[in-house]
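Welcome! Here is a short briefing to read alongside the structure. Keep the view open and look up each residue as you meet it.

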Amino acid sequence: MKADNEPAPRFGLRSFRAKFVLVVGGAVLFDLLLSGGLALWNVQKLSRDATSEVGEGLTTANQEYIRSYAESTALSVDLLLDRVHGDVKALAGVLQAQIDDPSRQQQVGATLSHEAPGSVKVVYDARGDWAQNLPGAPSVVSVWGYLLGADHTPLPGVQKEIDDSTVIDLVAPTLMASGSSKLQMYYIGPKERPIFRTVPYTNQAQTFDRLYPGHNKSEFWLFFFPGIYGSWQQWARDPASRPVPDDITQTAPYTDAITGKLIVSFFQPLWTRERSGIAGTAGADITLDQLAEVVERVKIAETGFGFLTMSTGNVVAINPSGQAIIGLTSSNDAGTQGVTGLERSLRGSVQPAIASLPLDQNNDGVIQHIMLDNKGERVPYIVVLKRLKPTNLWSSGPIKSETMSVGIVVPEREIYASLFAAQESISRATNRILLFQIGAIIVSLLIVFAAVLGISKRITAGLRALAGAAQRLQTKDYSVRVSIPTRDEVGAAGIAFNRMAEQISFHTENLEQLVDERTRELGDANQEISALNEKLRDENVRLGAELAVARQIQMMVLPKPFELEAIPGLEIAAYMRPADEVGGDYYDVLQNGSRVKIGIGDVTGHGLESGVLMLMVQSVARALQETNERNPHQFLDRLNRAIYKNIERTKTDKHLSLAFLDFEDERVTLSGQHEDVLIVRADGEVERIDTLDLGLPVGLENDISKFIDTRDIPFESGDVIVLHTDGVTEAEDQDKRLFGFERLCQSARKRQGGSAEEIKTGIVEDLMAHIGIQKIHDDITLVIIRHT
């Protein structure tokens, strides 16, 4: 073990030289690391900035490309639909012109009937109970069984509808051959005569029998397109009620009864001459293949694809590979009535990101980044939705506005392939620069460490002398002094050390005298503290005695049990518990002959001042009762004036809420403002009487007569009145929940039928159970009055 007077080592971890090397070397190291770190940070920042700029440029270009692609695809779909709309409007225009000119309609119908009888003559089919023209005509016309007479020929009005609609044979073939490719064009009669004429000719009625059993026994429009005819009738009455300001109505995709293909139908209603009703409709069908062809032509990067969706999320068109990527499942909504629809909804996708895609206006053309599960791998994709022009849509119900959207989906790793390559190149260059910079910092550190080690040896000699002298001082050699000839900071430290040694020597020799003086000072201070503590104990005893006297006086003036038992016709039970030694609650029962006056009040706050004010109120109320003051209004007014003057004299800021019940001749009169009065009737009904408008707090103003009012309360045999202060309803449990007026009502009603004492005891038990171990913060007073 090293002796206490052994000189410090010339070099070691605890030597000044080692510390000097560590501190100076650490400072230089910090400087090199800081400068080198800043250089590295700048290199990395330049790399990040370059990567960011390149990324932003390529990202913007790619996103604009995707948006443009989505917009052009949406325009293509809109153009296809517009061309179909144009063909339907052209057919509807010819038919509407015929309707608006009956004479010309009759001439054209008669001419065509004469020239092409195969278009107007129908043959009855007993098996299907319908009539249809024979093959060979440009169009097929089907007449349902309920439109035939007893001889199985069309009713006169229906036959006229057949004749008038033959104009389609002239117009529809030309429209079918031009414009957009259409599956068929047709005319359907009004609700009263819904003949079905279609170009080209097909086995129309036979196919309907096979796909829709029972259709021939039902009204056509209601069976196949429920809700659509009613919407058109509303349009006829109010054109402004159209969801989209256009007469064209589009259906959701459904299975065509004739071809079995998925189709979309476009209707334009025909109006009566006076435009007050429906005269039929012109229509055209296109296959879903035509819409799908536009969407399936979408080709972005290697595997990007498009889809067409309705606002409900039902996907109208998508290629099979795209359907698999976004996790769609298909189902046909087959039923016994109406057309069969296609259900392939985004909302039912197995990919959560697809199921939650927003389809509203706010996301039109917005780039959305999503993650899709591809064979267990999470793959990032970009999605853009572009809305088409709105249209009127029918889908099993009233016509509503529909806005379809074109969606573009493309993997991020494909669209950003060039960006990732540029970022990788920048990253490799940055790493090379970082390695060169770190090598330069290491070489600099080695050079600096060698220089610091050499310099430290020259400046530590004086410090070693100070360390040796300090060790001798530690062994209580107070005569030690050092001699350091240098005039630098180490020399100044030697001079300071010598002065310190002299002061330590002086204080050591005089230490015993200083300790004795300080001990005497502490003893004197201790005696003074003991005297003050004794005075404080005497004062506490005096104050405790005064509060005990005040509490005793307060409890003495409360009604005694024998006084309450002597009141005829009433059972009265009361409970009072102050929050402090002296409470501020008031209650009293005063009897003067046949009159009984019951008062209850609550002085603001609690403690001695509140208790004294309560005694004042009790004394004044007793005096007024003894003077035979019968008027409740004057009683409360005079009591307030006396209390107000006493409050002014004592210069206190207290006042109280106060109410009185006057009972005489089976009648109760309530006056004064206090807590709500609870009445439990003999039949269990509970009443709550608000006293807010019956007075003003006592002691607040000198004259409260204009605020005082009274209220007569029926009080029959078996009825119970419950009076209380806010200490009852505002009592808190450990969760800060109040006891409340509702719990008070429930507790009183539960014990209805018992004596006043039993009701009081039960309510107090419920109240204390609610409070539990919580501190009671306010005075609690409860008065129970039962009419026997």
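**Charged pairs, cores and a surface patch**

Asp735 and Arg737 form a salt bridge, with their closest N and O atoms 3.4 Å apart; a salt bridge here is a side-chain nitrogen of Lys or Arg within 4 Å of a carboxyl oxygen of Asp or Glu. This is a predicted model, so local features need pLDDT of at least 70 and side-chain atom pairs count only at pLDDT 80 or more, while totals for chains, interfaces and linings use all residues. Residues are numbered from 1 along each chain as its sequence is written, and side-chain values use heavy atoms, leaving out hydrogens and water.

**Salt bridges**

- Asp735 is partly exposed, with a relative accessible area of 47%, and Arg737 is partly exposed with a relative accessible area of 47%. For these words, buried means under 20% relative accessible area, exposed means over 50%, and partly exposed is in between (1.4 Å probe, protein chains only).
- A search of the whole structure finds 28 salt bridges.
- One of them links the side chains of Asp246 and Lys89 (2.8 Å, N to O). Asp246 lies in the loop between helix H7 (228–237) and strand S6 (249–251) and Lys89 lies in helix H1, so this pair ties together parts that are 157 residues apart in sequence. Helices (H or I, at least four residues) and strands (E, at least two) are DSSP runs, numbered from the N terminus.
- Asp246 is partly exposed at 21% relative accessible area, and Lys89 is partly exposed at 35%.
- Arg242 pairs with Asp247 in a salt bridge whose closest N and O atoms are 3.0 Å apart. Arg242 counts as partly exposed at 23%, whereas Asp247 counts as buried at 16%.

- Where does Asp726 sit? The place of Asp726 is in helix H19 (residues 726–729).
- Asp726 is buried yet has no salt bridge, and the nearest side chain of opposite charge, Lys654, is 12 Å away. In this count, Lys and Arg are positive and Asp and Glu are negative, while His and the chain ends are not counted.
- Leaving aside neighbours within four places in sequence, Asp726 is in contact (heavy atoms within 4.5 Å) with Asp602, Glu675 and Asp778.

**Nonpolar cores**

- In soluble globular proteins, nonpolar side chains tend to be buried together.
- The largest nonpolar core has 91 residues, of which Val143, Phe220, Phe225, Trp232, Leu291 and Leu308 touch the most other members. Such a core is a set of buried Ala, Val, Leu, Ile, Met, Phe, Trp, Tyr and Cys residues joined through side-chain atoms within 4.5 Å.
- Helix H1 (residues 16–100) gives this core its largest share, 13 residues.
- A second, separate core of 27 residues includes Leu570, Val596, Ile713 and Ile785.
- Not counting residues up to four places away in sequence, Leu291 touches Val77, Leu80, Leu81, Val264, Ile286, Leu308, Val316 and Ala317.
- Ala292 is found in helix H8 (residues 288–296) and is buried, with a relative accessible area of 11%.

**A nonpolar patch on the surface**

- Phe30 is found in helix H1 and counts as exposed at 55% relative accessibility.
- Phe30, Leu34 and Leu38 form a nonpolar patch on the surface, with about 310 Å² of accessible area together. Patches are made of residues with over 30% relative accessible area and no salt bridge, with like charges joined within 9 Å and nonpolar side chains (Val, Leu, Ile, Met, Phe, Trp, Tyr) within 5 Å. Accessible areas come from the Shrake-Rupley method with a 1.4 Å probe, and for residues only the protein chains shown count as cover.
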